[in-house]
Amino acid sequence: MDYSFTLKIPCSKEKVFSFFYDIEKFFRLNPQWEVLAIEGEVFLKKGSNFILKTRHDRSEKEIKYNATVSELLEGELFKMSLDSANIEPILFTISVKDGGTSSIIEYKGTMEEEPSAARKREINLWIKSIANYILIQEKKTLFSRVWKWFLDKIWLKMSPSGKRIALIIVLSELLALLFFILLLIYLFIFKKF
């Protein structure tokens, strides 16, 4: 059973392709796993081969992927496959469309059975995370620079479970702040200090 997801990014080919040369960020954006190590030749060129060691979030299994760059035409086409004995093979394709003003990121996975809705959601989220990171990287506003710094220095180095815990803490603190503000409004309006 094949599953694919394609996303068009309104970014020039130079901006999109430059992102993929930092292969560690590419893998760390995946919400399904924590990157433990990348071993071997990490310089991207046709025929590059390296080992990606991950710990999958749901199963807590450590899985090694053999990553191979099968095609690389600078600014035109990038194909990389991830193969493992434990899990289905994955193929990534990045290509240029509309005369170089936009790019396509495509995920293809061959699976033994139909992937669950949660698995599809995680794959789609990975590709969307890559697109969003590229778009944030290209913006020059103060907010986008601070956000990119936060992503690079803190968020991408956390495990998926650490990210969930951080989100729960932030959301609970925001909820507590909201209740505190509502309490103050109630006291000022109805109790008339």
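Predicted model: local features only at pLDDT ≥ 70, side-chain atom pairs only at ≥ 80, totals over all residues.
Which residues do ring pairs link into a cluster?

1. **The aromatic cluster.** The residues linked by ring pairs are Phe26, Phe27, Trp33, Phe50, Tyr65 and Trp126. Across the whole structure, a search finds 11 aromatic pairs. One of them joins Phe27 and Trp33, with 6.5 Å from centre to centre and 50° between the planes, and this pair is tilted. Are these two partners buried or exposed? Phe27 has 0% relative accessibility and counts as buried. Trp33, at 3%, also counts as buried. Buried here means a relative accessible area under 20%.

2. **The nonpolar core.** The largest nonpolar core has 42 residues, and Phe20, Phe26, Phe27, Phe78, Tyr107, Trp126 and Ile130 are the members that touch the most others. Helix α3 provides the largest share of this core, 8 residues. As a general rule, nonpolar side chains tend to be buried together in soluble globular proteins.

3. **Phe78 and its contacts.** If you set aside neighbours within four places in sequence, Phe78 is in contact with Phe17, Phe20, Leu44, Val69, Glu71, Leu72, Phe92, Thr93 and Ile94. Among those partners is Phe20, another of the residues that touch the most other core members.

4. **Lys79, the next residue along.** Lys79 sits in strand β5, which covers residues 77-83. With 23% relative accessibility, Lys79 counts as partly exposed. Its contacts, again leaving out neighbours within four places in sequence, are Thr68, Val69, Ser70, Glu71, Leu91, Phe92 and Thr93. How far apart in space are Lys79 and Phe92, C-alpha to C-alpha? The distance is 5.5 Å, although 13 residues separate the two in sequence.

5. **Helix α4 and its two sides.** Helix α4 runs from residue 142 to residue 153 and has 12 residues. From its first C-alpha to its last it reaches 16 Å, close to the 16 Å expected at 1.5 Å a residue. Ser144, Leu151 and Asp152 are buried in this helix. Looking down the axis of α4, you would find its buried residues within an arc of 90°, so they line one face of the helix. These buried residues pack against α2 (23-28) and α3 (117-138). On the face turned away from the buried side, α4 carries the exposed residues Leu142 and Phe143.

6. The whole structure contains 10 salt bridges according to the search. Lys25 takes part in one with Asp22, at 3.4 Å from N to O, and in one with Asp152, at 3.6 Å from N to O. Asp152 counts as buried at 17% relative accessibility, whereas Asp22 is partly exposed at 32%.

7. Asp57 and Arg164 form a salt bridge whose closest N and O atoms are 2.6 Å apart. Asp57 lies in the loop between β3 (49-56) and β4 (62-73), and Arg164 lies in helix α5 (residues 160-191), so the pair ties together parts that are 107 residues apart in sequence. Asp57 counts as buried at 15% relative accessibility, while Arg164 counts as partly exposed at 43%. Coming back to the previous point, salt bridges with shared partners join Asp22, Lys25, Lys148 and Asp152 into one network.

8. **Helix α5.** This helix has 32 residues and spans 45 Å from its first C-alpha to its last, close to the 46 Å expected at 1.5 Å a residue. Pro160, Gly162 and Lys163 are buried in α5. The elements that cover its buried residues include α2 and β2 (33-40).

9. **A backbone detail at Glu60.** Glu60 is in the loop between β3 and β4. Its phi is near 60°, a positive value in a residue other than glycine. Most residues other than glycine have a negative phi. Glu60 is exposed, with a relative accessible area of 51%.

Technical notes. Residues numbered from 1 in each chain as written. Heavy atoms only, no water. Helix = DSSP H or I, 4+ residues; strand = E, 2+ residues; numbered from the N terminus. Expected span 1.5 Å × (residues − 1). Buried < 20%, exposed > 50% of the residue type's maximum accessible area, 1.4 Å probe, protein only. Arc of directions from axis to C-beta. Contact = heavy atoms within 4.5 Å. Core = buried A, V, L, I, M, F, W, Y, C linked by side-chain atoms within 4.5 Å. Salt bridge = Lys/Arg side-chain N within 4 Å of Asp/Glu carboxyl O. Phe/Tyr/Trp six-rings, centres within 6.5 Å; stacked < 30°, edge-to-face > 60°.
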